[in-house]
Protein chains: 2
Amino acid sequence: MSNDSHLSDLLLALDYFPMDEDTPDDLLPFMGFLIAKAAQTIVETVDESMASFGISSRHYGVMLMLSRHDGLPQVAVGEKLRIDRTTMVKLVDDLEKQDLVERRRDPHDRRAYALSLSEKGREMLPEISRRAVEVERASLASLKQDEIRQLFRILLKLVKGTRTT
Amino acid sequence: MSNDSHLSDLLLALDYFPMDEDTPDDLLPFMGFLIAKAAQTIVETVDESMASFGISSRHYGVMLMLSRHDGLPQVAVGEKLRIDRTTMVKLVDDLEKQDLVERRRDPHDRRAYALSLSEKGREMLPEISRRAVEVERASLASLKQDEIRQLFRILLKLVKGTRTT
DNA sequence: GCTGATAATCAGTATAACTGATTATATTGT
DNA sequence: ACAATATAATCAGTTATACTGATTATCAGC
């Protein structure tokens, strides 16, 4: 309650919104900032909701990835999620301790692990996902269905467009 | 070149796109993820572009804030930017060392600092902003002007909608 | 003036990203 | 087949950030 002066105030107060003209140059300095803050908000709430499962949003991301790409080596999951190789070690350690993910040796490349959801992981994932969706929906509550779809489409285009490779 | 398998592939490959139906529930589990990755991409590139000025995107954010709210106390800047009070100390230390920002005692509240851009800070900011805009524009290159405007509008609505107060 | 709140700071802890090295295994070139 | 090089995972150590709790100075209300 002490704090009704948010970044949105900054932006609003400063006539960066609405942007009537077709020169979004004025608002570009704030774009990165705005995306970062939106991300921060959502990630924080997802993290909170995942806490009761003993994991973070990042662990959830790994599980989500494995649900679709079973048997992927650790490094590949990291590349897809843009998580550092050494950070992946810790994440998978955590997930293994919770018995949500298994490390098996890849028979075709015995340096690598083939990561899979464990039995428990497969069982839990729908429930975990349901929670994540709940809070994400809540985070997006101020948006119309149509806006959510647009946002998704635009972000996807953005992420696709900026490949570092 | 080793890595053409990005998160976008995940999403595309999995028919999460295009989302023809009016049930974005299927894609909601990926929304937070997608925003986070978009943010990561932009923040990283902005950080890189700021490096030649000896600052990070966070320092830039503080300067941008001060350019609009001169004389704000440290804690207020932190609240607006959602940066921890103790982290602000370090950020302002850095900016002061670079002589971009000044801490003056607020005459009305001698506990607080009134933060201001220094002379040099005021001079530099347009140049710094120009660089930031350059790389942000590059990050958004895959989007049409119209999509950038939409994205901005939607994100602003989202951030406004999810006040933690 | 006393009490409780607040701005900034500092010390200490926890987490994450990153660097560089190591081990085991794979791949490539000859 | 063998040597050189590359790769997957790990570990140790460094750095950046967030957060907690305490301290100091100051403010505001009674």
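A:Val46 touches A:Ser57, A:Ala132, A:Val135, A:Glu136 and B:Gly32, leaving aside residues up to four places away in sequence; two residues are in contact if their C-beta atoms, placed from the backbone, lie within 7 Å. The model is a predicted one, in which local features need pLDDT of at least 70 and side-chain atom pairs count only at pLDDT 80 or more, while totals for chains, interfaces and linings use all residues. Residues are numbered from 1 along each chain as its sequence is written, and chains are lettered from A and ligands numbered from 1 in the order in which they are written.

A:Val46 sits in helix H2 of chain A. Helices (H or I, at least four residues) and strands (E, at least two) are DSSP runs, numbered from the N terminus. A:Val46 counts as buried because 27 other C-beta atoms lie within 10 Å. The cut-offs here are 20 or more other C-beta atoms within 10 Å for buried, 12 or fewer for exposed, and partly exposed in between, with C-beta atoms placed from the backbone. Between A:Val46 and A:Val75, which are 29 residues apart along the chain, the C-alpha separation is 24 Å.

Helix H2 itself covers residues 28-51 of chain A, 24 residues in total, and spans 35 Å from its first C-alpha to its last, close to the 34 Å expected at 1.5 Å a residue. That expected span is 1.5 Å times one less than the number of residues in the helix. H2(A) is mostly covered, with 17 of its 24 residues buried.

For chain A as a whole, the secondary structure amounts to seven helices and two strands, in the order α-α-α-α-α-β-β-α-α along the sequence. Of its 165 residues, 39% count as buried. Among contacts in chain A with a separation of 6 or more, 46% come from residues 24 or more positions apart.

The two strands go together. Strand E1 (residues 101-106) of chain A runs antiparallel to E2(A), and six bridges join them; strands pair if DSSP finds at least two bridges between them. A hairpin of two residues links E1(A) to E2(A), and A:Asp106 has A:Asp109 in E2(A) as its bridge partner.

What about the core? The largest nonpolar core holds 87 residues, and those with the most contacts inside it are A:Leu34, A:Ile35, A:Leu155, B:Leu34, B:Ile35 and B:Leu155. Such a core is a set of buried Ala, Val, Leu, Ile, Met, Phe, Trp, Tyr and Cys residues joined through C-beta atoms within 7 Å. A:Leu155 touches B:Leu34, B:Ile35 and B:Ala38, again not counting residues up to four places away in sequence.

Of the 20 residues around DNA strand D, A:Gln74, A:Val75, A:Ala112, B:Thr87 and B:Arg110 come nearest. Two or more residues of that surface come from each of H4, H5 and strand E2 (109-117) of chain A, and from each of helix H5 (85-97) and strand E2 (109-117) of chain B. H5(A) gives the largest share, four residues. The surface near DNA strand D divides into seven nonpolar, six polar and seven charged residues, where Ala, Val, Leu, Ile, Met, Phe, Trp, Tyr, Cys and Pro count as nonpolar, Asp, Glu, Lys and Arg as charged, and the others, Gly among them, as polar.

Around DNA strand C there are 20 residues too, of which A:Thr87, B:Pro73, B:Gln74, B:Val75 and B:Ala112 come nearest. Here the elements giving two or more residues are H5 and E2 of chain A, plus helix H4 (74-81), H5 and E2 of chain B. The largest share, four residues, belongs to H5(B), and the surface near DNA strand C splits into seven nonpolar, six polar and seven charged residues.

A:Ile83 lies between helix H4 (74-81) and helix H5 (85-97) of chain A, and is partly exposed because 17 other C-beta atoms lie within 10 Å. It touches A:Arg58, A:Gly78, A:Met88 and A:Leu91, with residues up to four places away in sequence not counted. A:Arg82 also lies in the loop between H4 and H5 of chain A, and its phi is near 55°, a positive value in a residue other than glycine. In the loop between H5 and E1 of chain A, A:Asp99 has a positive phi of about 60°. Most residues other than glycine have a negative phi. A:Asp99 counts as exposed because it has 12 C-beta neighbours inside 10 Å.

Note on methods. Near = placed C-beta within 6 Å.
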